[in-house]
Amino acid sequence: MHPQLADHLNPGCIDLAEKLMNCHAENRWAKFLGKCNALSEALNKCLGAEFEVRRKQQLIEARARQARFEEKIKDIRKDELEQKEFEQILRQQDKET
């Protein structure tokens with residue numbers, strides 16, 4: 001059996017889910033003998049396809065977030081290096097005076 005489907009997460013599979021629930025309601029005993037298996041398999045394929053679409057989109061978003069994060073880290077390291085160089089210059093000037 002499938003979990004409760006969220007309409008906003010699985011918009012393309014709503015019709016299959018409704019058909020499967022109707023099949024189960026109309027065939028109380030035949031559903032145990034495989035009467036609704038074709039609908040169940042179609043729903044599984046539909047849910048799998050929608051999961052893949054969401055997974056690919058999330059992967060694209062995650063890579064973009066990672067790239068922004070790495071850019072920020074790079075900027076921070078550059079600032080730290082500049083700060084160290086500046087401090088070294090100040091120490092040298094203090095030693096000279």
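Predicted model: local features only at pLDDT ≥ 70, side-chain atom pairs only at ≥ 80, totals over all residues.
Residues are numbered from 1 along each chain as its sequence is written, and side-chain values use heavy atoms, with hydrogens and water left out.

The protein contains two helices and zero strands, where helices (H or I, at least four residues) and strands (E, at least two) are DSSP runs numbered from the N terminus. Helix α1 covers residues 14-26 and helix α2 covers residues 37-96. Along the principal axes, the C-alpha trace spans about 95 × 20 × 15 Å. The radius of gyration of the protein is 29 Å, whereas a compact globule of 97 residues would have a value near 13 Å; the radius is taken over C-alpha atoms, and the globule rule is 2.2 Å times the number of residues to the power 0.38.

Buried residues account for 14% of the 97 residues, with buried meaning under 20% relative accessible area, exposed over 50%, and partly exposed in between (1.4 Å probe, protein chains only). The protein exposes about 8500 Å², of which carbon and sulfur atoms supply 54%; accessible areas come from the Shrake-Rupley method with a 1.4 Å probe, and for residues only the protein chains shown count as cover. Among contacts between residues at least 6 apart in sequence, 58% join residues at least 24 apart, a contact being heavy atoms within 4.5 Å. The protein carries 18 positive and 18 negative charges, and the mean positions of these two sets are 8 Å apart. In this count Lys and Arg are positive and Asp and Glu negative, with His and the chain ends not counted, and the place of a charge is taken as NZ of Lys, CZ of Arg, CG of Asp or CD of Glu.

A disulfide is a covalent bond between the sulfur atoms of two cysteines. A search of the whole structure finds two disulfides, identified as pairs of cysteine sulfur atoms within 2.5 Å. With bonded cysteines counted along the chain, the disulfides follow the pattern 1-4, 2-3.

The link of Cys13 and Cys46 is left-handed, with -100 degrees about the S-S bond. Cys13 counts as buried because its relative accessibility is 0%, and Cys46 also counts as buried, at 15% relative accessibility.

The other disulfide joins Cys23 to Cys36, with an S to S distance of 2.0 Å. Cys23 lies in helix α1 and Cys36 in the loop between α1 and α2, so this pair ties together parts that are 13 residues apart in sequence. The torsion about the S-S bond of Cys23 and Cys36 is about -90 degrees, and the disulfide is therefore left-handed. Both Cys23 and Cys36 are buried.

The loop between α1 and α2 also holds Asn27, which is buried because its relative accessible area is 17%. When its neighbours within four places in sequence are left aside, Asn27 is in contact with Lys35 and Cys36.

In helix α1, Asp15 is partly exposed, with a relative accessible area of 41%, and its C-alpha atom is separated by 9.2 Å from that of Leu43, which is 28 residues away along the chain. Lys19, likewise placed in helix α1, counts as partly exposed at 47% relative accessibility. Lys19 and Ser40 are 21 residues apart in sequence, and their C-alpha atoms are 9.3 Å apart in space.
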